[in-house]
Amino acid sequence: MLRRSLLIKMILFGCILSVLPVAIVGSFSYVRSAKQVQEHVQQGEVELLRQINANVEQVLKTVDHTLGKLADTQVMDDALYSELGPYQFQLYNKLRGEILHLQSFDTKVEEVILVNARQGWMVRNSGIKRLAEHPDREQYLSYLELEHPVSWVLLQKSSFADTLSSRSCPYMVSLVRKLPTIPADKYGLAMANIPACSLAEMISGGEEPGEVLVVDKSGQIVAHPDKTRIGSRLFAHEVLGERELTFDESSGQQQIEHDGRGYTLTYYKSGFNDWVYLSLVSIEQLTRESRQIGWLTLMVCLGIIGLSIVSVGLVSRNLYTPLHRLVQTIQRLPQTRAERPRSEVQLIEEHIRQLFQSNSQLQHEVQDHAEQVSSLFLHRLFSGELRQTEIGEKLAYFGFAEQVAAWRTMRVLAIQVDTLGNTGYEPKDMELLVYATRNITEEVIAPEQRLPAVLLGRSLVVLTGLQAEDEREAEEALHEMTSRLQRLVSDYLKLTVSIGISLPLREVHQAARAYREAQEALKHRIRLGKGVIIPYSSLGAGKPSMLYEYPVRTEHELIDAIKSADEPEALRGLERWMEEALPPARAPEEYQISLVRLLNRLLITGHEAGVTLRAPGAGQPALYEELLALHVSEEIAEWLRSMLVLPLLRHFGERSRSQDHKLSERIIDLIQHHYDAEFTLEDCAARLHYNASYLSSVFKKETGYAFSDYLASYRLQMAKQWLTETEMTVKEIAERLRYTNSHNFIRAFRKQEGMTPGQYRSQYSSWQG
């Protein structure tokens, strides 16, 4: 009972877990697919009518245009004023030649008839005849009474004594044009006859499930797959004749009931000749495919359910068997501990060991990971970690050697997304966007013109090669390639990317140098803007750059606005500082100095106010590194605004509402005036006439710093400012800040900043050449 009870529970639970999702998904799939199939079929009917209309009207418009040109020819004009007697034989021949141009395969015109009531003649394929003697004279002259100068008329062949066509089609679609064209008095006709069966062939022959027909504005059927229906009236149709149909819109669909069956009537009204194109499909035909899908879905679901039940039974039994054997073994054992049997885990371990000992399997694993290994090789290539001989071996190993050997010149492209601002994307989407950009890059650049693209930092790096020997031709091909890449990224991802292009290189081992050139080119986006293609050769390396004055006054206005918690003025001040400190013509190494100087000033302001901005550590880069990694002015402005200006504004705004902020500001003011002297909390309390313990608690509450810690931090910030803006030596700075010796100062500075004062000055100094 124990075995059966546990086994039954396992089977029931497995069946419920596998059958229920299949039933839900199958039902949902059938309902959704049935609805979509019906919608697609109905939409397909509209598109079918549009296509039929386009095909038919292409013929009709061609006939109209060609007959119009015939009516306006000089030959026609001369014939209208001529009797076309025996002496006008040449004129007749010219007229026949013009008519033959109209009778072509494209126009489907079988015969062109010309009637001149004033001169009394008629021209047909059979020749010229005298109108007075023709048995259909009155029939032809009646067309002069048509309302419009140009009309489409459905002609029944049986109503003419002189047959209109040699074909078996009983009706002709005729374009009747009154002549002459310009005078108001019309006494001639030009008729281009098209067999109605030819138009019927254009709307039939497909595999469409419904009935397609074309009706003129009088309600007469002019085209139908069934030739016997041509010429009948729409009200005589067994389904459509039971109701009054109106076609007010240019296109649409109507639901019709007939003999208990539902139909969908789709119509499209032509603006060319007011013909209406109709498609009548029964609802049963529309849902036939969805029913097939339903049966198929049911069979698949039943198959999956049956397979699931069998699988659950087998798996449950297999899972239960070791447990059952274990229970039986335990029951048979004496009280002493039995020897533990060999486990399935040990068996699996032996198989895994044999698997990894197999040389062929190991090679298969290596081949499966060839893409990752080649990507690692390219990373090391661009990083300059490979020897020249090792590069050749790796190229041959990965199958790149012949491809690279065929290149005449090479370039390294560094592709980087400019910014995600105002794009609708979030920073977490960057990895996916870079992957999509890589796919577009590898589609734009042919495989024989590149090595696989790899991601280095924020840049997608590609080594491209061209076979063009002419440098100018290579530059044009490269520009076309990168421009198309930018355009496709913009169209598909709605992003702007910038592309840095290195100098030409002849050998692959120069790729590391070329990668640095491409990265350096991307830094110039700060002055060139977003979405640019920057060849390193156009940067003018080595030329002296102009000197720009640092906007000290604007910086002071920005700091004052921050301290007064005036957010609008502070943001305007930041915008003015960006315009003055980062002019378009400035080189990257120049604007980076200005950025570091502003960052120092904002950090000092924060320390003065007791604001703890993000500190390095916990896997995050330092503020200096993060700021200098940005090269787009919009990103820089947004980073300064979000990381520094807004936090300072919030702090000063809250601080202005604090009861003790004035007292803490007086303490900070004393620190700023006496930081370079032996200044203690007791000295501060004596000057402000407060108890030292009270001042310590107020200052700690307002700034979050102890008095001594704040004093040390402010002295360090002043040291950084003197290092970057003055020529004071490290020893002089240490003495002025009251350190016992310069070694203590250097040790404290390194502990805080991760570098010595000399290294800091070398990296961020604004006065060194």
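The crossing of helices α25 and α28 is right-handed, a term that applies when the near helix is turned clockwise from the far one by less than a right angle. The model is predicted, so local features need pLDDT of at least 70 and side-chain atom pairs count only at pLDDT 80 or more, while totals for chains, interfaces and linings use all residues. Residues are numbered from 1 along each chain as its sequence is written, and side-chain values use heavy atoms, with hydrogens and water left out.

**Helix pair**
- The axes of α25 (residues 707-725) and α28 (residues 757-764) come within 8 Å and cross at roughly 50°, the axes being lines fitted to C-alpha atoms over the stretch in contact, with angles from 0 to 180 degrees between N-to-C directions.
- The contact (heavy atoms within 4.5 Å) is made by Lys-720, Trp-722, Leu-723 and Thr-724 of α25 together with Pro-757, Tyr-760, Arg-761 and Tyr-764 of α28.

**Whole chain**
- The protein chain holds 28 helices and 16 strands, which are DSSP runs (H or I, at least four residues, for helices; E, at least two, for strands) numbered from the N terminus.
- Of its 769 residues, 44% count as buried, meaning under 20% relative accessible area with a 1.4 Å probe, protein chains only.

**Around Ala-200**
- Ala-200 lies in helix α5 (residues 196-202) and is buried, with a relative accessible area of 3%.
- Leaving aside neighbours within four places in sequence, Ala-200 is in contact with Ala-223, His-224 and Ile-230.
- Ala-200 and Lys-227 are 27 residues apart in sequence and 7.5 Å apart in space, C-alpha to C-alpha.

Definitions and conventions
Buried means under 20% relative accessible area, exposed over 50%, partly exposed in between (1.4 Å probe, protein chains only).
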